[in-house]
Amino acid sequence: MGTILLKNIILNGSQTDIIVKDGLISEISKAGTAIPPTGAEVMDCTGKAAFPGFINMHTHAGMSTMRGIQEDVPFHEWIQNIWEEETKVDADYVYWATKIAALEMIKTGTTTFNDQYWFNTSARKAAIELGIMPVLSYVVLDLGNRGTAEQQIEECEQLYQDALSWGDDSKFEISFHAIYSVSERMMLWAADFARKHNLTLHIHLSETCKEVEDCKAAHGGLSPVEYLDRLGILAPNLIAAHTLWLSENDIKLLGEHKVNCVHNVNSNLKLASGYKFKYHELADAGANVCIGTDGCASSNNLDMLEAMKTSAILQKAWRNDPKAFPLEQLAAAATINGAKALRLNTGSIEVGKRADILIVDTDNTFFLSPGSFLANFVYSAHSDCIDSVIAGGKFVMKNRVVPGEKDILAGARKFLNEIKN
């Protein structure tokens, strides 16, 4: 793996030199003082700033080619129609869809994504070909049309064994879809499998009011969070997407068990699932709050910067409090908090961390004001100000160009045209 020197790059307001070696950040020093190792690739970053790569904590990359197929319909109608559409999905479809997703994520600054979808081998191949890190889960969904519980157990165990040979370019986890789509037996099995193999467990939780009402009716008045607590599933390894409809006791339980709660604001808004995500209450209770985009069939894009801005301004609006979700906490939710949840050595620009770095062009209208870099980045700029991206110590985009991107688009378009015929 090569060595990179980023010269004269702004980091935390200071002109800095950053050396990347063997996939890690090996040196951070005052601008002009770093001595580039022999053979290092040197980039003059004058007028540019460094920021950690985004960690998209909840998405379905294989849905990137389903944008716009189900619009203006209620959530539970939407999901039934999506499940019907997914009966046509195969390994080739997931490969091309994930390739498109990875391309989009690179262009918008994501270097790691936590994925919940099918055909993991194909998804992994697509992501690592473009150079970003996928965290891929086997999805348990035994009350749908994905096969019997016994089949899913066998498939999951086989995929886990295969994943033992994966390198540090990807990571395996297990998931179950939701309490309404998975039997109690299989939820317990998935949680036990995760504990046994020290894996993260990735689920949807309390996404809609209907989910909460149905759970209370079926389980003696228990909310989805309380139900999972009764089953012993709440734990620090749990990554719970949405966590939108929560009581005070739900928040207390999620905090006590150090659950990782993922806010997916654009998906929640677009499907009218709700908007009062309890960021401050969850964080104060002890939960680890992260940000995700959800899949493109609901959020329609994978732009983490857009998700950050919407998350913050919506909190300020519904709380009637301009101090809600301050910038430093917002940045952490999109970076280091995700690294903590996934147990990865990334999420910040520090010596010894995995080199996942965004190089942001500040030579434009968005950064002319005297506001802080972070304020201008989140509230003023768009993701196309991200000039270059280093993921795992390698350039995956330079000067807004991802190697082979035109071929990727052409290949995906050709594949989609073929399956229509």
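Me: What covers the buried residues of α12?
Reply: The model is predicted: local features need pLDDT of at least 70, side-chain atom pairs count only at pLDDT 80 or more, and totals for chains, interfaces and linings use all residues. Residues are numbered from 1 along each chain as its sequence is written, and side-chain values use heavy atoms, leaving out hydrogens and water. Helices (DSSP runs of H or I, at least four residues) and strands (E, at least two) are numbered from the N terminus. The cover, by contact (heavy atoms within 4.5 Å), includes β5 (48-52), β6 (54-59), β13 (288-291), α11 (304-319), α13 (336-342) and α14 (373-380).

Me: Which residues in helix α12 are buried?
Reply: Buried means under 20% relative accessible area, exposed over 50%, partly exposed in between (1.4 Å probe, protein chains only). Helix α12 spans residues 327-334. Its buried residues include L330, A331, A332, A333 and A334.

Me: Is K323 buried or exposed?
Reply: K323 sits in the loop between α11 and α12. Its relative accessibility is 64%, so K323 counts as exposed.

Me: Which residues is T310 in contact with, leaving aside neighbours within four places in sequence?
Reply: T310 belongs to helix α11. It counts as buried because its relative accessibility is 17%. Beyond those neighbours, T310 touches V265, N266 and L269.
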